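Thanks for passing this one along.

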Amino acid sequence: MKTRIALRLIVTAVVFLALLPLRPAPHIVNASPQVVRPAAAQTPLGELPNPNGSPNPDTGFSAALDSTGQRPTLAVDSAPATLPPPSGVWQAMDLTGLNGNVRAIAVAGPDVYVGGDFTDAGGIPEADYIARWDGAQWHAVGGGLNGSVRAITVAGQSVYVGGNFTDAGGDANADRIAVWETRYIDFTPYEDWYPLGSGLNATVRAIVVAGDSVYAGGDFTNAGGNADADYIACWRDDVWSPITPLTWLMGPLEGSVYAMALAGADLYIGGTFASFGSLEGTSYIFRWNIFEENFHTLGEGLNARVYTIAVAGANVYAGGNFTDAGGDASADYVARWDGAAWHSLGSGVNERVWSLAVVGPNVYVGGYFTDAGANASADYIARWNGAAWNSVGGGLNGWVYVITEAGPQVYVGGAFTDAGGNAGGDCVARWNTTPNAPDWDALGEGLNNTVQAIVVAGPDVYVGGWFTDVGGNASADGIARWDGSSWQSLGSGIQGVVYAIAVAGRDVYVGGTFTNAGGNANADYIARWDGSTWHALSGGLNNYVFTIATVGADVYVGGIFTDAGGNAGADRIARWDGAAWHALGSGLNDRVWSIAVAGPDVYVGGDFTNAGGDANADYIAVWHNDAWFPLRYGGLGVGLNNSVYALAVAGPNLYVGGAFTNAGDVTDANYIARWHFPDFTWNIVGIPTGPALNNYVSAIAVAGKEVYIGGGFTDAQDNPDSDRIARLDYWIWRSLGNGANDTVLAITIAGAEVYAGGKFTNVSGAEGHIARWGTVYRPVFLPLVLNNHNPDRSALTDPAGDWLPGAVQLASTDIRAASIERLPAESVLVLTMQLAGNLPATLPDNERNRWVWLLDTDRNASTGTPWYDLGVEYEVNLHIQQDGFYVDVRDTGNNWTPVPGAATISGDTVTVRLPMSYLGGATRCNWMAVVEPFAREGTRFDIAPNSGYAQLP
């Protein structure tokens with residue numbers, strides 16, 4: 001007891017010090033682009049200007065531009081230039097694509113799982129019906145499947161897959177549903193396919209995971225031998241069952257389930273059914289509350305099938321082949337339920353909708369349609385911005401079956417072979433994407449004080465904390481929004497510290513120490529931002545808020561308050577239902593630091609040692625079936641031995657971080673532990689030999705198999721670079737760069753990007769109190785073209801020094817060459833040439849003109865190899881022949897590899913797009929270009945100086 005009291009006093013002192021105002025960080029200005037000096041001495045551009053201010057290339061100098069945040073390019077006239085980073089464009093995953101339709105997509109951190117009708121992904125024939133994209137290339141998933149995939153859901157480290165298959169990786173028991181996951185044997189991880197019982201007797205079309213339960217929907221009428229599980233079933237405790245035992249009384253579901261969406265305890269279900277037994281108003285869509293085990297109607301329902309459902313805050317979006325929603329005859333194929341009534345989205349679309357995804361304020365819709373709200377360029381995909389329909393990059397050329405969002409990224413799958421003119425987008429593509437090339441990057445000019453909370457909603461990053469200035473915006477007090485390029489204030493900000501942020505649809509909920517939000521004096525300790533105005537939540541609270549979690553229309557709030565809107569029973573935790581505050585039992589006896597929701601259950605962590613009167617609920621508890629319970633197994637053991645600061649749900653696991661060293665009967669948890677729902681046990685996180693961390697954890701975020709943590713620690717299982725932030729990869733702790741120089745208080749994951757905030761002013765070189773781990777536009781060095789300079793004439797001449805037959809000297813005394821260094825693996829090398837004359841009108845059969853790029857690559861950019869050292873490693877050939885053109889590459893092993901669809905010719909411009917994967921992952925690339933026209937002996941074509949640039953992600 002004395003030890004516990006001492007630890008609590010220490011934590012109290014630490015928290016008290018954390019609440020003291022911090023000295024503002026120095027104002028930092030990052031100029032970009034800027035001129036930099038590489039390690040070797042070079043002449044600054046500023047010393048060699050032309051009269052118009054442009055650099056003068058005639059003096060034989062070399063220089064480099066810092067093009068951070070830009071796409072470097074060497075223009076046709078040889079002058080370096082930069083273009084803005086690409087955004088709002090379609091990108092293919094690779095140039096090969098898939099050989100069949102894509103019908104399901106799920107994103108887990110940097111991994112994108114894709115399922116459908118294909119049997120080859122990116123040239124991998126083992127990728128049968130399912131494949132994984134790691135950000136750079138395709139991979140098979142185990143031994144694949146033997147039939148089509150219709151649904152994929154990721155829950156923590158488990159990937160649930162449903163469809164028409166009856167075998168997964170050789171397991172013949174995996175009928176229509178299986179899970180790909182990691183299981184541990186003697187602390188060694190093994191990935192494999194596993195069945196869920198004996199499976200189902202027909203197609204699975206939708207899968208949802210809620211805590212320890214897996215819900216499946218589809219065409220089946222038998223689940224694991226249970227003949228009462230018609231079209232929808234629940235897998236729990238290793239047994240399949242109907243979602244309700246009252247099916248025999250109400251009657252069966254009268255049709256297949258195509259769509260399911262979970263929002264807290266509410267499971268929305270849509271399909272081809274006209275009703276659920278005798279229940280009226282369940283036409284094609286209804287809501288099942290897991291907590292109540294009861295059905296609810298959505299108005300009068302719809303007049304035809306529902307194929308897709310998406311939930312965003314209080315709004316439920318449905319798509320299908322209906323033309324009426326709750327009596328609204330203008331709701332053609334897509335509609336919105338606001339909790340009380342159905343609404344159309346403008347005039348809808350002109351054909352059925354197969355998929356929906358909500359990204360911030362935008363709703364992406366995909367299907368068979370070619371017109372959305374009279375926008376004729378909205379082919380098969382469109383975006384509803386809340387007021388009008390917009391096309392998405394020129395649309396696609398075939399049907400869309402699935403849309404999945406991951407932060408600012410939108411992945412699309414279907415039957416198309418062209419995405420917005422990108423012919424490499426066969427069946428799968430991504431919109432406005434930022435692939436992962438991990439490193440730390442600052443967000444603009446940063447903030448002037450501590451960050452306590454971060455939330456990503458579509459393209460927007462909301463940040464809260466102690467700051468009063470963000471990127472020079474003095475109105476950004478306590479809260480700000482990063483729109484991808486600059487910081488924006490939310491009205492006049494918050495007059496106090498923001499500790500918690502949660503986004504539900506268009507609403508942003510904010511909690512902290514304030515009693516005024518944007519001039520609203522009734523916004524005590526919690527407020528709602530609707531995009532333009534701050535609102536109070538009834539009478540607010542009577543003390544600080546430290547955590548917020550939204551579940552459908554419900555907002556759960558935790559802190560040190562003892563009254564919520566006049567409800568004196570709301571001690572340290574309360575629920576806002578959109579209109580009034582509610583207590584959760586008799587509350588807790590001390591402050592709440594974190595809330596996490598798993599299905600119908602609400603998990604809470606903090607400083608308390610009593611929850612609803614239960615004295616065994618030490619520092620962590622769960623609100624279940626209207627009562628508080630401690631987290632312990634079979635009545636044995638207790639909770640934790642010190643405070644909990646962070647919670648994160650990932651599939652069947654609850655990750656817990658804080659100041660504790662014991663978790664239940666696990667005596668060496670050391671600041672982080674894992675609670676496993678199915679068997680009610682506490683587990684060590686990481687290698688179960690020796691201490692995991694050497695100090696407290698204040699933030700946790702989970703993405704697929706990776707667990708990111710932040711806090712006050714400086715060592716994660718003997719990894720000395722894991723200062724205040726680390727990543728768990730399977731069971732090994734790994735560093736992210738060199739770590740942070742002070743406490744990390746908040747971590748959020750959006751797609752392949754990780755955002756971190758806290759007291760730190762530097763994390764691996766990224767300055768400020770917030771930084772992003774993900775794609776960074778690093779400087780790419782472009783030496784200027786050197787006139788009258790032939791570094792390696794032998795590459796183009798014979799031993800006697802004469803020009804080789806057919807080779808063209810680009811100018812009388814010039815060889816034009818260019819170089820790009822430090823290329824991310826996802827880059828595409830773009831090589832272009834311009835013809836000074838025209839190609840012959842006709843070419844003799846079997847005779848061709850060949851453009852040759854001689855490429856010199858270096859996988860170690862620090863070797864200092866000069867750019868003009870063209871000891872050619874790769875040769876890229878563009879062949880122009882009678883029936884078209886193609887590109888092939890000769891690698892270091894003298895092997896020739898075709899690059900499908902890489903070349904385009906428009907007018908007098910020849911362009912080749914070469915993914916870095918064809919150059920062995922090169923980080924540096926130099927090139928020269930020659931022409932070998934041998935359609936006719938002695939024929940030569942003059943070409944203008946070549947240009948090239950690296951198309952960065």
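Below are a few numbered points, going from the whole chain to some local spots.

1. Ground rules first. This is a predicted model, where local features need pLDDT of at least 70 and side-chain atom pairs count only at pLDDT 80 or more, while totals for chains, interfaces and linings use all residues. Residues are numbered from 1 along each chain as its sequence is written, and side-chain values use heavy atoms, leaving out hydrogens and water.

2. The overall make-up: the protein chain has 2 helices and 72 strands. Those are DSSP runs numbered from the N terminus (helices are H or I, at least four residues; strands are E, at least two).

3. On burial and surface, 56% of the 953 residues in the protein chain are buried. Buried here means under 20% relative accessible area, exposed means over 50%, and partly exposed is in between (1.4 Å probe, protein chains only). The chain exposes about 35300 Å², with carbon and sulfur atoms supplying 46% of that; accessible areas come from the Shrake-Rupley method with a 1.4 Å probe, and for residues only the protein chains shown count as cover.

4. Now strand S6, residues 102-108. It is mostly covered, with 5 of its 7 residues buried. S6 runs antiparallel to strand S7 (residues 111-116), and 6 bridges join them; two strands pair if DSSP finds at least two bridges between them. Val102 sits opposite Gly116 in S7. The hairpin of S6 and S7 has 2 residues between the strands, and Gly109 takes a positive phi near 60 degrees there.

5. Not counting residues up to four places away in sequence, Glu706 touches Pro110, Ala701, Arg727 and Leu728.

6. Last, a loop residue. Asn543 lies between strand S41 (534-536) and strand S42 (545-551). Asn543 counts as partly exposed because its relative accessible area is 25%. Leaving aside neighbours within four places in sequence, Asn543 is in contact with Tyr525, Ile560 and Phe561. The C-alpha atoms of Asn543 and Ile560 are separated by 6.0 Å, with the two residues 17 apart along the chain.

Conventions
Contact means heavy atoms within 4.5 Å.
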